[in-house]
Amino acid sequence: MMKRWFIMVLPVIIGIGLLTGCGSGDIEDQVYNVVQSEDTHILGVKDGMPNAYPGKTYGEAFGNFFGSPTWKYFVGTKEGADEDGDGKPDYTEENVDIVEFTGYCTYRDVEVKALIQFTLSKENDTFEATYLSFNDVPQNMFMLAALLEAAFTEGGIDGTAGNNSNEPMQENDYALLDEFISLICSYSDPPELEGDELTEYFKREFDSWRRGEGYTNITTDANGHLVMPNHAAEYTGTWQDTYSQRCYMEIDSSDGIYYYIDINWGSSAQENTHWSLWGMYDEIMGGIHYSGSRIEEYYPEDGEMQETYVYSDGEGLIWIGDDGMLYWDDYIEQQGADCSFEKLEY
């Protein structure tokens, strides 16, 4: 069962007050939510009911399910869902009437900001949910349908459209289990078990994925099948920090599944900080979730290099922003807080 996280929102006082405690995007959403509270386009969507759940409005369902719900209306660009898994909308359409909803929920035990867009039809006064993103990462229509179902049923969402791993497996779950086994065995050998023990092992791992506790490199495509999108072409190569000009990041992947990352930040000709990391792409977080070590290297004028391990339990996220720059969130020390990396072309 999905847990709903509710984030306290500070009052919006326009002109005489201050907004603190949330990001600029949250502030803008809350301002629109107040200013446009009586907008007829928004009220039309909030008061609407899907055919599958005629007893509950979108406003009621979303208000109960999401934390910090906001609504706004605008005429702008309609973005298509991300069906090909490249992290970008598949198409855009200009000058479209859109009602946009944002709210916080949990997905695979991670807090995410969901953004749902409804496209309005001027011809027949109808609307349709056409776009979903989690933390600005576009999702496919399968995931959008799963989230709407979860909101109206107050169920959970995961990679199998709301299946609760505590419930008995259905026929479709067994088909997904076969796909899951095929995927994980393509890059990792199963334990040396046989018969029922091996079957139970795979079921436990599958349930772990359904709960969002592992295998976050696996997601679903538009047809509901399990896939592992390959992001290697975007990430592999040499990146230089534009802020310091002295920090370089080498990213390599031979299979598009595992990523090996070397970061070198030289403070002088004799001293260098080296991060040796490895990770996998996390489809929900929208980047490479890594672990690894930080090593201080000293090069004396005479003698061999000296190494000092600072820690070996490092963790963080590396991702590419909308501007094409690579960013580094170091969970341990925030070393990359001011960094923005540009890919070097040779």
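Trp328 is buried, with a relative accessible area of 3% (buried means under 20%, exposed over 50% and partly exposed in between, with a 1.4 Å probe and protein chains only). The model treated in these exercises is predicted: local features require pLDDT of at least 70 and side-chain atom pairs pLDDT 80 or more, whereas totals for chains, interfaces and linings use all residues. Residues are numbered from 1 along each chain as its sequence is written, and side-chain values use heavy atoms, without hydrogens and water.

**Exercise 1. The surroundings of Trp328**

Determine in which strand Trp328 is placed and which residues it contacts beyond its neighbours within four places in sequence.

Solution. 
- Step 1. Trp328 belongs to strand 14 (helices, H or I of at least four residues, and strands, E of at least two, are DSSP runs numbered from the N terminus).
- Step 2. With neighbours within four places in sequence set aside, the contacts of Trp328 include the aromatic residues Trp265, Trp275, Tyr290, Trp319 and Phe341 (a contact means heavy atoms within 4.5 Å).
- Step 3. Trp328 is also in contact with Met249, Ile263, Leu317, Ile318, Gln335, Gly336 and Ala337.

**Exercise 2. The surroundings of Pro50**

State where Pro50 lies, whether it is buried or exposed, and which residues it touches outside the four places on either side.

Solution. 
- Step 1. Pro50 sits in the loop that runs between helix 2 (40–46) and helix 3 (58–65).
- Step 2. Pro50 counts as buried because its relative accessible area is 16%.
- Step 3. Residues up to four places away being excluded, Pro50 touches Lys56, Tyr58 and Phe152.
- Step 4. Along the chain, Phe152 is 102 residues from Pro50, yet their C-alpha atoms are separated by 9.3 Å.

**Exercise 3. The salt bridges**

Solution. 
- Step 1. Glu100 and Lys72 form a salt bridge with an N to O distance of 3.7 Å. This pair links distant parts of the chain, 28 residues apart: Lys72 is in strand 1 (residues 67–79) and Glu100 in strand 2 (residues 92–107).
- Step 2. Glu100 is buried because its relative accessibility is 8%, and Lys72 is buried at 12%.
- Step 3. Arg294 pairs with Glu296, their closest N and O atoms lying 2.5 Å apart. Arg294 counts as buried, given a relative accessibility of 13%, whereas Glu296 is partly exposed at 25%.
- Step 4. Arg294 also meets Glu333 in a salt bridge of 2.8 Å, N to O. Here too distant parts of the chain are linked, 39 residues apart: Arg294 is in strand 12 (residues 287–298), and Glu333 is in the loop between strand 14 (326–330) and strand 15 (341–343).
- Step 5. Glu333 is partly exposed because its relative accessibility is 31%. Through shared partners, salt bridges join Arg294, Glu296 and Glu333 into one network.

**Exercise 4. The chain as a whole**

Find how many helices and strands the protein chain has, what share of its residues is buried, and what share of the contacts between residues at least 6 apart joins residues at least 24 apart.

Solution. 
- Step 1. The protein chain has seven helices and 15 strands.
- Step 2. Of its 346 residues, 45% are buried.
- Step 3. Among contacts between residues at least 6 apart in sequence, 50% join residues at least 24 apart.

Note on methods:
Salt bridge = Lys/Arg side-chain N within 4 Å of Asp/Glu carboxyl O.
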